[in-house]
Amino acid sequence: MNTKIKDYISTLTIETITDQRKAALQPLIDFIKDKKVTKQPININFICTHNSRRSHLSQVWAQVMADYFKINQVACYSGGTEATALFPKVADTLAKTGFDIKIIAESNNPVYSIKFDDNSLPIIGFSKTYDDTFNPTSNFAAIMTCSQADGGCPFIAGAEKRIPITFEDPKAYDNTELQDEKYLERSTQIATEMKYIFNKAIA
């Protein structure tokens with residue numbers, strides 16, 4: 001893992017997570033632990049309305065924390081109730097944290113290579129629906145990262161578990177002087193909570 005990302009992870013303080021929030025995170029911890037015990041693949045699909053911001057941040061940080069805590073059988077995905085595009089500020093925010101990010105296919109919905117380790121395959125980031133062929137069709141946990149998708153998708157086909165872990169949308173600060181700060185704040189919150197989840201999963 002890149003040194004800059006490792007150093008960033010070391011600054012994340014899980015003590016900032018409230019007991020109420022820990023209770024919301026516990027079902028995903030349980031899912032990961034159960035799969036580890038039975039030596040099954042751990043597939044996690046983070047779902048939001050547009051698959052443009054929160055679901056991508058969650059996918060990336062979950063995959064990174066699985067690597068950080070050496071839980072090898074984890075594969076993280078993301079999707080939306082509709083496909084749009086990965087919002088560029090998400091990529092910029094991750095790049096500032098130490099990720100090596102490149103656009104590998106230009107279009108209205110660009111495809112990004114997101115690397116956190118020089119010797120590992122990149123995370124492939126682009127907007128897609130949660131049931132896209134790029135994502136698993138069964139035996140996965142569906143993590144609902146926004147309340148709109150959680151309310152609008154009462155049923156996720158193939159999901160073994162459906163877990164609401166919602167985050168406030170940094171989109172509210174787009175094109176304001178607070179945009180950079182709020183995107184980093186949301187990324188840091190998600191990274192911190194994923195650190196907590198995967199740390200607890202190895203206990």
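1. The model is predicted: local features need pLDDT of at least 70, side-chain atom pairs count only at pLDDT 80 or more, and totals for chains, interfaces and linings use all residues. Residues are numbered from 1 along each chain as its sequence is written, and side-chain values use heavy atoms, with hydrogens and water left out.

2. Arginine 53 sits in the loop between strand S1 (42-48) and H3, and aspartate 174 in the loop between strand S7 (159-164) and H6, so the pair ties together parts that are 121 residues apart in sequence. Helices (H or I, at least four residues) and strands (E, at least two) are DSSP runs, numbered from the N terminus. Both arginine 53 and aspartate 174 are buried (under 20% relative accessible area with a 1.4 Å probe, protein chains only; exposed is over 50%, partly exposed in between).

3. Lysine 96 and aspartate 180 also meet through their side chains in a salt bridge (3.8 Å, N to O). Because lysine 96 belongs to helix H4 (residues 88-97) and aspartate 180 to helix H6, this pair ties together parts that are 84 residues apart in sequence. Lysine 96 is exposed, at 54% relative accessibility, whereas aspartate 180 is partly exposed, at 39%.

4. A network of salt bridges links Glu168, Lys182, Glu185 and Arg186.

5. The largest nonpolar core has 48 residues, and those with the most contacts inside it are Ile32, Ile44, Trp61 and Phe198. A nonpolar core is a set of buried Ala, Val, Leu, Ile, Met, Phe, Trp, Tyr and Cys residues joined through side-chain atoms within 4.5 Å. Helix H6 (residues 179-201) contributes the largest share of this core, 8 residues. A second, separate core of 6 residues includes Tyr130, Phe140, Ala142 and Met144.

6. The lining of the largest pocket comprises 13 residues, of which Gln59, Gln63, Ala75, Cys76 and Ile123 lie nearest its centre. A pocket is an open set of points on a 1 Å grid over the protein atoms alone where a 1.4 Å probe fits, with protein on both sides within 12 Å along at least five of seven lines; lining residues have an atom within 4 Å of a point. Helix H3 (54-68), strand S2 (74-80) and strand S5 (123-125) each supply at least two residues of this lining.

Methods. Salt bridge = Lys/Arg side-chain N within 4 Å of Asp/Glu carboxyl O.
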